[in-house]
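Hi everyone, thanks for coming. Let me put the model on the screen, and then I'll walk you through a few places in it.

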Amino acid sequence: MGVLGEAWAWLATGANWSGDSGVRHRLMEHVYVSGVALALACAIALPLALFLGHIGKGGALAINISNVGRAIPVFAVLALFMVSPLRNAGYVPTIIALVLFAVPPLLTNAYVGMREVDRSVVEAARGMGMSGRQLFVRVELPLAYPLIMTGLRSAAVQVVATATIAAMVGQGGLGRIITLGFNTYNTAQVVAGALLVALLALLVEGALVVLDRVVDPSRTTAPAFGARASRAPAPAAPASAASASSGASSASGDDHSPGDRTPVRKTV
């Protein structure tokens, strides 16, 4: 039996799923930490990026500041928290480190998506009398939505995969299964824990793809905007063009239209 077969046998053992050290409990801890960190990152990054993208100012500075989080390893941030008063705050250090890790892709994609909206479409909507709020909700946000969701999916997968580092400082999550396997030289348990993390990341990615298709705002807002544009009244023909057409008709010598012509009877 190979390593994958041994890992499958480990996962198929019911005793490995029960108890405080079991897979079920570790999975709940992992989902909790990842979900809280991702929610906080979205609450911080998305409103800021959408606002800066809407007004077109300050976005480059915000992106450069957020990218500092990419330059610092998450484990290094977590290690610094472990020598601070936050070391006794439960999952708080891990959540903060994951938030710093998730903010850059969310902020960058949302801001770039807003700034890449076709300016001609924005000006057309503004010319139709849309307010700033209507312009943001009905035009800019639907067009920037694909890039926003791309950033969200990227951040979610990264957070789920990186949350395993919580085990390095004695906290919970699926990483505890991997570290325990290393400590006991149980290769099957290490591989099983890695497979669980990979499977969870794939499930999160698939769930966000489905959510993307369900809540896509372009299905409701973009058609409404297009329909409103199509109902705009057509410009009336200029008076000069009408007079020119009338003059051309008079110059041709036809005083009556073909439908009004009547035969002329000749008398002898």
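Start with the side chain of His30, which reaches the backbone oxygen of Val160 at 2.7 Å. That is a polar contact, meaning a pair of N or O atoms within 3.5 Å; within protein, one must be able to donate a hydrogen and the other to accept it, and residues adjacent in sequence count only if both atoms are side-chain atoms.

Before I go further, this is a predicted model: local features need pLDDT of at least 70, side-chain atom pairs count only at pLDDT 80 or more, and totals for chains, interfaces and linings use all residues. Residues are numbered from 1 along each chain as its sequence is written, and side-chain values use heavy atoms, with hydrogens and water left out.

So is His30 buried or exposed? His30 is buried, with a relative accessible area of 1%. Buried here means under 20% relative accessible area, exposed means over 50%, and partly exposed is in between, with a 1.4 Å probe and protein chains only. Leaving aside residues up to four places away in sequence, His30 touches Val160, Ala163, Thr164, Gly173, Leu174, Gly175 and Leu200. A contact is heavy atoms within 4.5 Å.

His30 sits in helix α2, residues 23–55. Helices are DSSP runs of H or I with at least four residues, strands are E runs of at least two, and both are numbered from the N terminus. Helix α2 packs against α8, residues 132–162, at an angle of about 145 degrees, with the axes 10 Å apart. Those axes are lines fitted to C-alpha atoms over the stretch in contact, and angles run from 0 to 180 degrees between N-to-C directions.

Which residues meet there? From α2 they include His30, Ser34, Leu38 and Cys42, and from α8 they include Phe136, Glu140, Val159 and Val160. The residues of this contact divide into 13 nonpolar, 4 polar and 1 charged. Nonpolar covers Ala, Val, Leu, Ile, Met, Phe, Trp, Tyr, Cys and Pro, charged covers Asp, Glu, Lys and Arg, and the others, Gly among them, are polar.

Now over to Asp118, in the loop between α6 (92–115) and α7 (119–127). Asp118 counts as partly exposed, at 43% relative accessibility.

Zooming out, the chain has 12 helices and 0 strands. Of its 268 residues, 37% count as buried.
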